Amino acid sequence: MVAWLSQVLENPAYQNGTVTDKVFGMCRNEDNATLGRISSLFWCIWHNRNDKIWNDNVQSPSQVGRMAFDVWNEWFTVHQLRRHNIAPVADPRPVRWEKPGVGWIKCNVDAAFVARSNITSMGLCFRDTNGQFVAGLTQWQQPVYSVVEGKSWPLLHAMKEAIHREFERVQFKSDSKLLVDAIHSRRPDNLEFNLIVNDIILFMSSYVNFEVNFIRRKANSVAHTLAREANSWASFRRFEIIPLCILNI
């Protein structure tokens, strides 16, 4: 399970009785961190149920598990800061896309997940040192990837596209901190996407002027828009002229 709770949820001690019995059994026997992750999972399942009822949108079990893991980590981080009386420092700078340095190309990447259509789509956009559109690419495929695997897929394709176009100095930007941290540590520990990350690391070893950095989602809107629009286009498209959907972003 993506939320890393299979050992607890599959424990024989919690297989008998009602759901209430199982939950109270966990409360008696598990530590606070485990209970926090379980609570996050329950909340995400409930959120997914409501999203299906009201928006006809449903995530796969692996996506729900990934969401639960992220929710718990965010809550735990804030709780630890408060516990030690450390206030999170707000960045006074506006969150926006910034031009790369002279001689560099910047490539933003993102993925979109359409569970009801059983599709994972991606978008990537290359821009030059003046902020001008250089090239773009979109693709979609079935089935739906997990969130972590889906986020790593466009980055790998972006590197292949950069090599295809003979771009030598490229800054790749992703809004998946989990992915970026796995690449920088060079120790991917999630079986769902370690093969893709290993391929990315291999490319970076061969092309020393390939950089991968985290970017806030608000500054990644071009790639996000392309990924969403990809669902209505052919399964694979290259763009040499800026698509209308991102013209005003």
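**Exercise 1. Helix α8 and its partners**

Find which residues of helix α8 are buried, and say which strands these buried residues pack against.

*Solution.* Start with the partners: the buried residues of α8 pack against β1 (105-114), β2 (119-127) and β3 (133-141) in this predicted model. Next, go to the helix itself, which covers residues 221-229. Its buried residues are V222, A223, T225, L226 and A227.

Now look from the strand side. G123 lies in strand β2. With a relative accessible area of 0%, G123 is buried, since the cut-off is under 20%. Leaving aside neighbours within four places in sequence, G123 is in contact with A223, L226 and A227, among others. The list of its contacts also includes N108, V109, D110, L137 and T138. To finish, compare sequence and space: G123 and T225 are 102 residues apart along the chain, while their C-alpha atoms are separated by 7.6 Å.

**Exercise 2. The overall layout**

Work out how many helices and strands the protein chain has, and in what pattern they follow one another.

*Solution.* Count first: the chain holds eight helices and six strands. Then read along the sequence, which gives α-α-α-α-β-β-β-α-β-α-α-β-α-β. Next, take the burial figure: 42% of the 249 residues count as buried. Last, consider the contacts with a separation of 6 or more: residues 24 or more positions apart account for 68% of them.

**Exercise 3. Helices α5 and α7**

Describe how α5 and α7 pack, and at what angle.

*Solution.* Two packed helices are described by the angle between their axes and the distance between the axes. Take both values for α5 (residues 147-164) and α7 (residues 194-206): the angle is about 30 degrees and the axes are 9 Å apart. Angles under 35 degrees count as roughly parallel, and therefore α5 and α7 are roughly parallel to each other. The crossing of α5 past α7 is left-handed.

Now list who takes part. From α5 come E149, S152, W153, L155, L156, M159, K160 and I163, and from α7 come I196, D199, I200, F203 and M204. Sorted by class, this contact has nine nonpolar, one polar and three charged residues.

Zoom in on one of them, L156, which sits in helix α5. L156 is buried, at a relative accessible area of 8%. Apart from neighbours within four places in sequence, L156 touches I196, D199, I200 and F203. L156 and I200 are 44 residues apart in sequence, yet 5.8 Å apart in space from C-alpha to C-alpha.

**Exercise 4. Bringing in helix α6**

Which residues of α6 meet α7, and which meet α5?

*Solution.* Begin with α7. Helix α6 (residues 177-185) packs on α7 at an angle of about 55 degrees, with the axes 10 Å apart. The two helices are therefore oblique to each other. Here α6 passes α7 in a right-handed crossing. L179, A182 and I183 of α6 make the contact with V197, I200, I201 and M204 of α7. The class count is seven nonpolar, no polar and no charged.

Turn next to α5. The axes of α5 and α6 come within 9 Å and cross at roughly 65 degrees. This crossing of α5 past α6 is right-handed. On the α6 side, L178, L179 and I183 meet V148, K151, S152 and L155 of α5. By class, there are five nonpolar residues, one polar and one charged.

Note on methods. Residues are numbered from 1 along each chain as its sequence is written. This is a predicted model: local features need pLDDT of at least 70, side-chain atom pairs count only at pLDDT 80 or more; totals for chains, interfaces and linings use all residues. Side-chain values use heavy atoms; hydrogens and water are left out. Axes are lines fitted to C-alpha atoms, for helices over the stretch in contact, and angles run from 0 to 180 degrees between N-to-C directions. Helices (H or I, at least four residues) and strands (E, at least two) are DSSP runs, numbered from the N terminus. Angles under 35 degrees count as roughly parallel, over 145 as roughly antiparallel, 65 to 115 as roughly perpendicular and the rest as oblique. A crossing is left-handed if the near helix is turned anticlockwise from the far one by less than a right angle, and right-handed if clockwise. Contact means heavy atoms within 4.5 Å. Ala, Val, Leu, Ile, Met, Phe, Trp, Tyr, Cys and Pro count as nonpolar, Asp, Glu, Lys and Arg as charged, and the others, Gly among them, as polar. Buried means under 20% relative accessible area, exposed over 50%, partly exposed in between (1.4 Å probe, protein chains only).
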